[in-house]
Amino acid sequence: DNTARIGLRRSKRLSTSWIRTLSLDASHENYEVGEESDTSTLLIPAIAFDHKVADQDVYPTRGRRFLVEFLGAGKALGSDTSFAQVKASARYIRALGENSRLIARAAAGTTIKADFDELPPSVRFFAGGDESVRGFDFDSLGPEDAEGNVIGGANLLVASLEFERRLRGNYYAAFFVDGGNAFDDVDFDPAAGTGLGIKWRSPIGPVRVYVGFPLTGDESSPRLHLRLGADL
């Protein structure tokens with residue numbers, strides 16, 4: 001794929017825990033999806049609301065975050081196609097005693113479209129990867145064409161539950177279970193993965209290494225996943 005994109009952002013703090021962001025993105029995309037190739041020009045206005053509450057920024061023992069975004073494009077505004085989309089994600093962290101934490105996350109999305117085949121990959125939903133269903137490659141899950149190529153879906157639903165326990169000092173062990181998929185209409189066929197991880201609580205934030213194993217599908221090989229940055 002070859003994509004040129006430019007965008008504007010304006011954020012405003014509505015309260016101590018809520019931030020509103022207005023954005024406008026213009027993109028031109030040359031892409032291949034399955035056996036088809038095409039180009040797409042989109043002008044996408046969006047509004048997002050971000051809510052975060054935590055007792056610490058880098059390594060919270062209690063916290064939550066919720067993000068919802070409304071976006072779309074229209075032929076009347078100069079785009080090649082019209083669609084409307086809603087995306088939402090949530091995270092929750094709770095300490096279990098002094099040395100353990102429970103981390104839950106979920107993401108969902110839906111698309112209202114005139115013709116889904118006209119949408120480029122950048123606005124389709126895929127699943128799989130470090131922040132989705134671990135045990136599967138990045139964006140390797142979703143509806144497929146007749147040749148078995150993943151082409152993305154109009155909807156998304158994924159969730160994860162992770163338990164971590166301090167080993168020694170700033171090192172932790174983790175066990176996780178992930179599930180979900182991208183899909184069209186109500187044809188939801190969830191994939192699932194599980195695995196183990198090691199975390200280092202570094203001065204700039206957690207560094208995580210996971211080994212994920214797929215529980216569904218034809219693949220059985222483990223996948224290595226690396227993630228950096230704050231939990232929320």
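A pocket here is an open set of points on a 1 Å grid over the protein atoms alone, with protein on both sides within 12 Å along at least five of seven lines, and its lining residues have an atom within 4 Å of a point. Its volume is the space filled by probe spheres set on the points.

The model you see is predicted, with local features needing pLDDT of at least 70, side-chain atom pairs counting only at pLDDT 80 or more, and totals for linings using all residues. Residues are numbered from 1 along each chain, and side-chain values use heavy atoms, without hydrogens and water.

| Pocket | Volume | Lining by class |
|---|---|---|
| Largest | about 1100 Å³ | 22 nonpolar, eight polar, 14 charged |

Ala, Val, Leu, Ile, Met, Phe, Trp, Tyr, Cys and Pro count as nonpolar, Asp, Glu, Lys and Arg as charged, and the others, Gly among them, as polar. Closest to the centre of the second largest pocket, among its 21 lining residues, are Leu141, Gly142, Glu144, Asn181 and Asp189. Strand β8 (residues 171-183) gives the largest share of that lining, three residues.

Now for the fold. Eleven strands, DSSP runs of E with at least two residues, form an open sheet in the order β1-β2-β3-β4-β5-β6-β7-β8-β9-β10-β11, paired antiparallel; pairing takes at least two bridges. Its edge strands are β1 (2-13) and β11 (223-228). Between β5 (residues 83-95) and β6 (residues 100-113) there are 13 bridges, and Ala88 stands opposite Ala108 in β6.

Note on methods: Helices (H or I, at least four residues) and strands (E, at least two) are DSSP runs, numbered from the N terminus. On a 1 Å grid over the protein atoms alone, a cavity is a set of points where a 1.4 Å probe fits but cannot get out, and a pocket is an open set with protein on both sides within 12 Å along at least five of seven lines; lining residues have an atom within 4 Å of a point.
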